[in-house]
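I opened my notebook to look up one protein chain. My plan is to start with the whole and then go piece by piece.

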Amino acid sequence: MSGHSKWHNIQAKKGKADAARGKVFTKLGRELLIAVKQGGPDPAGNSKLKDVIAKCKAANMPNDTINGAIKRAAGAGNNENYEEITYEGYGPNGVAVIVNATTDNRNRTAADVRHVFDKAGGSLGTTGCVSYMFNRKGIIVIERTATSMSEDDLMMLALECGAEDFSSEDEYYEITTSPEDFSSVREALEAKGLTFAEADIQMVPTTYVDLDEKGAEKMERLIERLDELDDVSEIFHNWNE
């Protein structure tokens, strides 16, 4: 579940085999669990849960699976305890990498993440070493084929709902919000019947790093190996893919 980059790259990753999709659902299930534990099982009174549900729907997670995960998390006998941890490090040529994880064993996860960085020729850094090169932003992606609205009408609607920015590509529209306004903008767009290919708060780079072919191959391996870790939920980087 890689983070902010050109959406067609994300689309390709999400469109892989059912096994990969099942792994994504497992990771999203952990996020649902954490949200329920923190704020209860009712999305109406738990904005974090509401946002995670929107993220699940954007990943095509079935409603039955979402509701089942929420019920299990709210169950009296549920003793699963996960915490969210963020790691920062460097990929090839100093590419900045941020890794978000949900784990029930921080020592295991730290060792696994460090091993992947070392194996791929990168290095794990200290907290704050690269996060200053990113801004937290709400990102909402809408496929052109998913709406009958014109580009101008959708842009005006997004801005009226409180979005900061609107951009269009060949296959999709991308709406950017502040983290604080993400939920309200997303809900206002949902109320207009819009569906999302992606809806999440992400770390968006302020500058990008270009890589040659060899460096790009190393970076791809680093992302793939991090993504294979069960505990890793999101990966953000400033590689100009």
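**Entry 1: helix 7.** I note that this is a predicted model. I began with the buried side of helix 7. Its buried residues pack against helix 3 (47-58), strand 4 (134-143), helix 6 (151-160), strand 6 (172-177) and strand 7 (198-205). Which residues of helix 7 are buried? I found F182, S183, V185, R186 and L189, in a helix that covers residues 182-191. I then looked down the axis of helix 7: the buried residues fall within an arc of 165 degrees, so they line one face of the helix. After helix 7 comes G193. I looked up the phi of G193 and found a positive value, near 85 degrees.

Entry 2: I found an open sheet of 4 strands, in the order 3-1-2-8, with antiparallel pairing. Which strands sit at the edges? They are strand 3 (123-124) and strand 8 (232-237), and each pairs on one side only. I checked how strand 3 is held to strand 1 (residues 83-90): 2 bridges join them, and they run antiparallel. For Y90, I found the bridge partner S123 in strand 3.

**Entry 3: helices on the sheet.** I looked for what packs on this sheet. Helix 5 (residues 106-119) does, and it touches strand 1, strand 2 (96-103), strand 3 and strand 8. The direction of helix 5 makes about 20 degrees with that of strand 1. Helix 8 (residues 213-228) lies across strand 2 and strand 8. I read its angle to strand 8 as about 160 degrees.

**Entry 4: D64.** Is D64 buried or exposed? D64 has a relative accessible area of 68%, so I wrote down "exposed". I also compared D64 with L154: they are 90 residues apart in sequence and 30 Å apart in space, C-alpha to C-alpha.

**Entry 5: the whole chain.** The C-alpha atoms fill a box of roughly 50 × 45 × 35 Å along the principal axes. Why call the chain's radius of gyration, 18 Å, a match for a compact globule? With 241 residues, such a globule would have a value near 18 Å, so the two agree. Buried residues make up 48% of the 241. The chain exposes about 11,900 Å², and carbon and sulfur atoms supply 45% of that.

Terms used: Residues are numbered from 1 along each chain as its sequence is written. This is a predicted model: local features need pLDDT of at least 70, side-chain atom pairs count only at pLDDT 80 or more; totals for chains, interfaces and linings use all residues. Side-chain values use heavy atoms; hydrogens and water are left out. Buried means under 20% relative accessible area, exposed over 50%, partly exposed in between (1.4 Å probe, protein chains only). The arc is that of the directions from the helix axis to the C-beta atoms. Contact means heavy atoms within 4.5 Å. Two strands pair if DSSP finds at least two bridges between them. Axes are lines fitted to C-alpha atoms, for helices over the stretch in contact, and angles run from 0 to 180 degrees between N-to-C directions. The radius of gyration is taken over C-alpha atoms; the globule rule is 2.2 Å times the number of residues to the power 0.38. Accessible areas come from the Shrake-Rupley method with a 1.4 Å probe; for residues, only the protein chains shown count as cover.
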